[in-house]
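Me: I would like to go through this structure with the definitions beside the values, so that each label can be checked.

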Amino acid sequence: MSENHPSFPAKPDLEQLTPQQIVAQLDLYIIGQKEAKRNVAIALRNRWRRMSSPPEMRKEIVPNNILMIGATGVGKTEIARRLAKIADAPFIKVEASKFTEVGYVGRDVESMVRDLVDQSVALVKARKKEEVRLQAEQAVEDIILDTLIPPVHHRGGASSFPKQEQPDSEAMPSSDHELNQRTRERFREKIRNGELDERKIEIELNQNQLPNIGMIGGGIDDVSMMNIQEMIGNMMPRKARKRKISVGEAKKLLLEEEANKLIDMEEVKEEAIRKAQDLGIIFIDEIDKVASGRSGGSGPDVSREGVQRDLLPIVEGSTVNTKHGIISTDHILFIAAGAFHVAKPSDLIPELQGRFPIRVELQSLTQEDFYHILRTPKNALTKQYEAMLQAEGVELQFQDEALSEIARIAFEVNSEVENIGARRLQTVMSTLLNDLMFDVPDAIGPNAHIVITSEMVNEKLGGLVKNRDLSQYIL
Ligand SMILES: Nc1ncnc2c1ncn2[C@@H]1O[C@H](COP(=O)(O)OP(=O)(O)OP(=O)(O)O)[C@@H](O)[C@H]1O
Ligand SMILES: [Mg+2]
């Protein structure tokens with residue numbers, strides 16, 4: 001199942017990602033599940049195809065919503081999450097079953113769209129912040145410099161001299177001015193490279209805390225609630241308060257303030273809505289939990305069917321009010337997933353089945369897959385543990401046979417106790433390495449080199465696996 005992974009430039013352009021390239025990107029993180037990867041890749045590329053087609057046609061082309069069917073821990077969520085990362089798309093995951101909980105009403109299903117927009121706003125804002133960072137950093141340095149070395153000459157602005165005493169720039173001895181400038185530049189350098197991070201300064205910061213009025217009570221929907229919250233937030237005077245903090249901390253706090261000043265929030269919101277609308281991915285997990293059983297008519301089934309009916313217009317395409325603006329859900333990509341052990345996809349109401357035309361079944365993972373999951377993905381568990389111990393100066397290494405053994409044990413426990421898919425690897429690895437993680441750095445110092453062998457694996461885990469009761473609790 002391990003393909004040869006072609007390597008790619010760090011951040012590939014969505015426009016240039018063909019279905020094959022998308023799959024190759026997914027391959028860097030997910031082992032196997034070829035069908036699922038192919039289908040999400042097509043869905044993603046189809047969006048770009050849609051956006052590149054003539055406007056009349058663009059409106060007609062609907063996204064290919066996907067229904068993923070597969071047991072727990074085989075990569076359903078992981079594939080969707082990675083896909084969103086690759087596409088730099090706003091992404092949220094919701095559990096369909098949460099909408100059947102007591103207290104939820106139909107309208108709440110829309111909250112998934114609002115969450116998506118929030119996510120999109122955060123993405124766009126982070127990117128804009130990155131764009132203005134240099135400029136903001138400069139402004140922050142200026143502010144800090146002003147408190148450390150007040151300028152002797154400040155055109156038209158505040159100055160450390162009272163007005164009448166301040167000479168104009170011509171009259172001022174240029175050497176003073178130059179000296180001041182040079183000192184400031186020298187200190188700018190020191191601020192930038194962190195030399196002054198420990199020094200305390202007194203600085204004005206905007207305190208702008210939103211009061212928490214989440215307890216207003218019933219009869220008010222989410223949107224009005226958010227609007228009220230925002231209104232009150234805007235009404236509160238933004239108090240600038242002097243605080244004594246370290247330069248290092250001031251850099252952080254001021255950067256936030258200055259960056260916010262440089263970002264046009266209206267623009268951010270508009271772009272975020274557009275982005276969520278055209279690129280958003282909503283992952284609806286546990287969709288099988290809202291499929292009605294065959295009994296029909298009883299309480300919980302009614303509410304489950306209700307959730308499905310509430311989902312319909314959103315998946316179908318409708319407009320939703322959010323605090324950032326109105327969004328149309330027509331082209332959001334919906335990926336629904338479920339194990340469908342009890343309920344079957346055909347137990348979903350027909351209208352909803354029709355909204356998820358693409359069905360992909362994920363395969364159960366084999367022992368061989370486990371082995372590769374342990375070592376191959378960019379975020380493989382072995383790599384995670386290696387990195388953690390690297391932080392302590394300890395080198396950790398897994399022998400190949402040890403990995404095979406861990407894979408075998410995980411597979412065995414899955415088949416004998418309960419199949420939780422690749423998640424089993426986490427429990428097995430943590431049990432295996434528990435002592436080591438405790439002993440570093442006290443008992444095992446830096447510069448140690450630890451090799452995990454198959455004997456060690458057997459010694460630690462062999463007994464647990466044989467004893468069903470033990471493995472039930474521990475592995
Ligand atoms: N095919 C795979 N390749 C690599 N890692 C995997 C794979 N499948 C699962 N994993 C690992 O197992 C973890 C759980 O997988 P994931 O969250 O995708 O499960 P799921 O299929 O969504 O299960 P559930 O139905 O319980 O939500 C992931 O975080 C990932 O680390
Ligand atoms: Mg999942």
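Reply: What follows takes up the chain, its cores and the shell around the ligand.

This is a predicted model, in which local features need pLDDT of at least 70 and side-chain atom pairs count only at pLDDT 80 or more, while totals for chains, interfaces and linings use all residues. Residues are numbered from 1 along each chain as its sequence is written, and chains are lettered from A and ligands numbered from 1 in the order in which they are written.

Me: What makes the set of 88 residues a nonpolar core?

Reply: A nonpolar core is a set of buried Ala, Val, Leu, Ile, Met, Phe, Trp, Tyr and Cys residues joined through C-beta atoms within 7 Å, where buried means that 20 or more other C-beta atoms, placed from the backbone, lie within 10 Å of the residue's own. The largest such set here has 88 residues, and L83, I281, I335, F370 and I406 have the most contacts inside it. Helix α15 (residues 400–416; a DSSP run of H or I, at least four residues) gives the most to this core, with eight residues.

Me: Which residues does F370 contact, leaving aside its neighbours within four places in sequence?

Reply: Contact requires C-beta atoms, placed from the backbone, within 7 Å, and F370 meets this with L365, A407, A410, F411, A422 and L425.

Me: Which residues come nearest to ligand 1?

Reply: A residue is near a molecule if its C-beta atom lies within 6 Å of it; of the 20 residues around ligand 1, G75, K76, T77, E78 and A422 come nearest. Helix α4 (residues 76–87) gives the most to this shell, with three residues.

How values were computed:
A residue is buried if 20 or more other C-beta atoms lie within 10 Å of its own, exposed if 12 or fewer, and partly exposed in between; C-beta atoms are placed from the backbone. Helices (H or I, at least four residues) and strands (E, at least two) are DSSP runs, numbered from the N terminus. Two residues are in contact if their C-beta atoms, placed from the backbone, lie within 7 Å.
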